[in-house]
Amino acid sequence: MLWLLFDLGLTVLLVAGEAVAVTGWFLHGSFEVLQGRRKTTTRRRFALELAGTAAVLAGAATGLFLLRLPLAAAVQGVLATAVLLLLLLGLLDR
């Protein structure tokens with residue numbers, strides 16, 4: 001029972017932390033483009049960033065599963081799948 005509560009708490013922390021990180025990454029890039037310090041990201045670089053993010057999320061899901069935290073691993077797996085779908089949809093939209 002205690003392990004399940006730990007799994008649930010870790011899941012909430014992971015999702016909240018990743019949401020903050022993605023929001024910060026998006027806003028930081030948007031403000032740099034708005035201020036003229038950076039051009040918009042090319043499609044190739046954006047695809048590489050999405051592929052790297054998906055690989056990190058999949059690796060984290062595997063590690064969480066090996067630590068016997070199935071709920072957190074499932075959430076990480078769903079996030080990795082969502083990022084991969086974004087990547088595939090972006091690559092197919094040519």
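At 46% relative accessibility, Trp25 counts as partly exposed (buried is under 20% relative accessible area, exposed is over 50% and partly exposed is in between, with a 1.4 Å probe and protein chains only). This is a predicted model, where local features need pLDDT of at least 70 and side-chain atom pairs count only at pLDDT 80 or more, while totals for chains, interfaces and linings use all residues. Residues are numbered from 1 along each chain as its sequence is written, and side-chain values use heavy atoms, with hydrogens and water left out. Trp25 sits in helix α1 (helices are DSSP runs of H or I with at least four residues, strands are runs of E with at least two, and both are numbered from the N terminus). Setting aside neighbours within four places in sequence, Trp25 is in contact with Phe46 and Glu49 (contact means heavy atoms within 4.5 Å).

**View 1. Gly24 in α1.** Gly24 is also found in helix α1. With a relative accessible area of 37%, Gly24 is partly exposed. Look across to Thr53: Gly24 and Thr53 are 29 residues apart in sequence, and their C-alpha atoms are 15 Å apart in space.

**View 2. α2 against α3.** Here helix α2 (residues 43-66) meets helix α3 (residues 70-92), with axes that come within 8 Å and cross at roughly 160° (axes are lines fitted to C-alpha atoms, for helices over the stretch in contact, and angles run from 0 to 180 degrees between N-to-C directions). That makes α2 roughly antiparallel to α3 (angles over 145 degrees count as roughly antiparallel, under 35 as roughly parallel, 65 to 115 as roughly perpendicular and the rest as oblique). The crossing of α2 and α3 is left-handed (the near helix is turned anticlockwise from the far one by less than a right angle; clockwise would be right-handed). Among the residues making this contact are Arg43, Leu50 and Phe65 of α2 and Ala73, Leu84 and Leu91 of α3. By class, the α2 and α3 contact has 19 nonpolar, four polar and one charged residues (Ala, Val, Leu, Ile, Met, Phe, Trp, Tyr, Cys and Pro count as nonpolar, Asp, Glu, Lys and Arg as charged, and the others, Gly among them, as polar).

**View 3. The largest nonpolar core.** Ala47, Leu50, Ala54, Leu57, Ala80, Val83 and Leu87 are the seven residues of the largest nonpolar core (a set of buried Ala, Val, Leu, Ile, Met, Phe, Trp, Tyr and Cys residues joined through side-chain atoms within 4.5 Å). The elements giving two or more residues to this core are α2 and α3, and the largest share, four residues, comes from α2. Not counting residues up to four places away in sequence, Ala80 touches Ala54, Leu57 and Ala58.

**View 4. Arg68 in the loop.** Arg68 has its place in the loop between α2 and α3. Its phi is near 65°, a positive value in a residue other than glycine. Arg68 counts as exposed, at 66% relative accessibility.

View 5. Helix α1 (residues 2-35) packs with α3 at an angle of about 25°, their axes 7 Å apart. α1 and α3 are therefore roughly parallel to each other. Asp7, Leu8, Thr11, Leu14, Val15 and Glu18 in α1 meet Pro70, Leu71, Ala72, Val75, Gln76 and Leu79 in α3. Gln76 counts as buried, at 1% relative accessibility. Leaving out residues up to four places away in sequence, Gln76 touches Leu14, Glu18, Leu57, Ala60, Ala61 and Leu64.
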